[in-house]
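Reader: I'd like to go through this fold with you and ask where the labels come from. Could you show it first?

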Amino acid sequence: MKNLITDVPGVLVGNAEDMRAATGATVAIFDGGAVASVVTTGGAPGSRMVTSLEPEMMSGQVDAIVLSGGSVYGLDAAGGTTAALCSQGRGATFGGITVPLAVQAILFDLTNGGDKPWLREPMKERPPYWDLGRDAALAAGPTFALGTAGAGVGATTAGLKGGLGSASARTSQGFTVGALVAVNAVGSATIGTGRHFWAGAYERDGEFGGLGWPAKLPSDAMALRFKGQPAPVTATTIAMVATDAVLSKAACKRLAIMANDGLSKALRPVHAPNDGDTVFAAATGRMKSPADAGLPPIMTELGTVAADCLARAVARGV
């Protein structure tokens, strides 16, 4: 176990960055496809093809999930990822044509100080995201960088740099669960003005400092801290969880709903009006367990572990 989402069999992840522009993209590719769904809880989301992940829709499997900076400009990243997937022969075939499905969520990093010439001269300069999506897909593998990498390059939180985080764990039934997150939160990942993470109770093996929770909450612990006070700002934390269990789209929807609580364990506040907080859930189906992973007791553990992994991934990213 590498404590990465790629511990889930069938999941590969790649990053690509434009350091001058202070932005980037992260792509998770499913080797053989995955069943997936999504939950969006932020008030200002930006996404591509996510409606196809609803349980009642016909689409069966996805080939990749794209997390990107750039706000609406970043939606180009899925196009580059689709081209890379097509070149690799990934995707469904319709009339002899390969059609990959890459779904995407974006975060807002346009005001982080990077040089973004396409904002100054929109008819002359092309945003980099198509290229970033392609390069991240082509770089996908079992290991990848965290922190200021991929979609986390331009990410910030209230008071601290944001970033790309990941974590993994196994359930009592032997299923592997992993989380991947680009933390660009409007709120804070730490308690008050100290170094303790809100997610400290879920930490494993000192993965983000070993501080745990403070013995006593400081007096400023519950003071609301968020970016841009008192003026509103746009932020967004985008994430995915994955498992090797065999799940239906409806079960993936429930997994996404439960995993989303990991953001509430690790950040304060979350799901604000100007956030686009979005969490995908995917099942690669590589673990053929005698037990039905869709049964309520097993799903309850999968969702709980996924939420804990997501909370840990947030703290690791920061």
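Predicted model: local features only at pLDDT ≥ 70, side-chain atom pairs only at ≥ 80, totals over all residues.

Reader: What makes the space in the largest cavity a cavity, and how much of it is there?
Author: About 50 Å³ of space lies in there. On a 1 Å grid over the protein atoms alone, a cavity is a set of points where a 1.4 Å probe fits but cannot get out, while a pocket is an open set with protein on both sides within 12 Å along at least five of seven lines. The volume is the space filled by probe spheres set on those points, which are joined across faces, edges and corners. Residues are numbered from 1 along each chain as its sequence is written, and side-chain values use heavy atoms, with hydrogens and water left out.

Reader: Which residues line the largest cavity?
Author: Lining residues have an atom within 4 Å of a point; among them here are Trp-198, Leu-224, Arg-268 and Pro-269. The lining splits into 5 nonpolar, 3 polar and 2 charged residues. By the way, the Arg-268 to Pro-269 peptide bond is cis, with omega near -5°, and Pro-269 sits in the loop between H4 and S11.

Reader: And what about the largest pocket: how much space lies in it?
Author: About 200 Å³. Its lining includes Ser-59, Asp-63, Phe-94 and Leu-101, and by class there are 5 nonpolar, 3 polar and 1 charged residues.

Reader: Why is strand S11 called largely enclosed?
Author: Buried means under 20% relative accessible area, exposed means over 50%, and partly exposed is in between (1.4 Å probe, protein chains only). In S11 (residues 278-283), 6 of the 6 residues are buried, so the rest of the structure largely encloses the strand. Thr-278, Phe-280 and Ala-282 point one way, Val-279, Ala-281 and Ala-283 the other, and all are buried. Strands (E, at least two residues) and helices (H or I, at least four) are DSSP runs, numbered from the N terminus.

Reader: How do you know that S2 and S10 pair with S11?
Author: Two strands pair if DSSP finds at least two bridges between them. S2 (residues 23-40) has 6 bridges to S11, running antiparallel, and S10 (residues 238-243) has 6 bridges to S11, running parallel. Ala-283 in S11 stands opposite Val-35 and is also the bridge partner of Thr-243.

Reader: What makes Trp-118 and Tyr-129 an edge-to-face pair?
Author: Rings of Phe, Tyr and Trp (its six-membered ring) pair if their centres lie within 6.5 Å; planes under 30 degrees apart are stacked, over 60 edge-to-face, and the rest tilted. Trp-118 and Tyr-129 are 5.8 Å centre to centre with 85° between the planes, an edge-to-face pair. Trp-118 lies in helix H2 and Tyr-129 in helix H3, so the pair ties together parts 11 residues apart in sequence.

Reader: Why does Ala-22 count as buried, and Asp-205 as exposed?
Author: Ala-22 has 15% relative accessibility, so it counts as buried. Asp-205 has 82%, so that residue counts as exposed.

Technical notes. Nonpolar A, V, L, I, M, F, W, Y, C, P; charged D, E, K, R; others polar.
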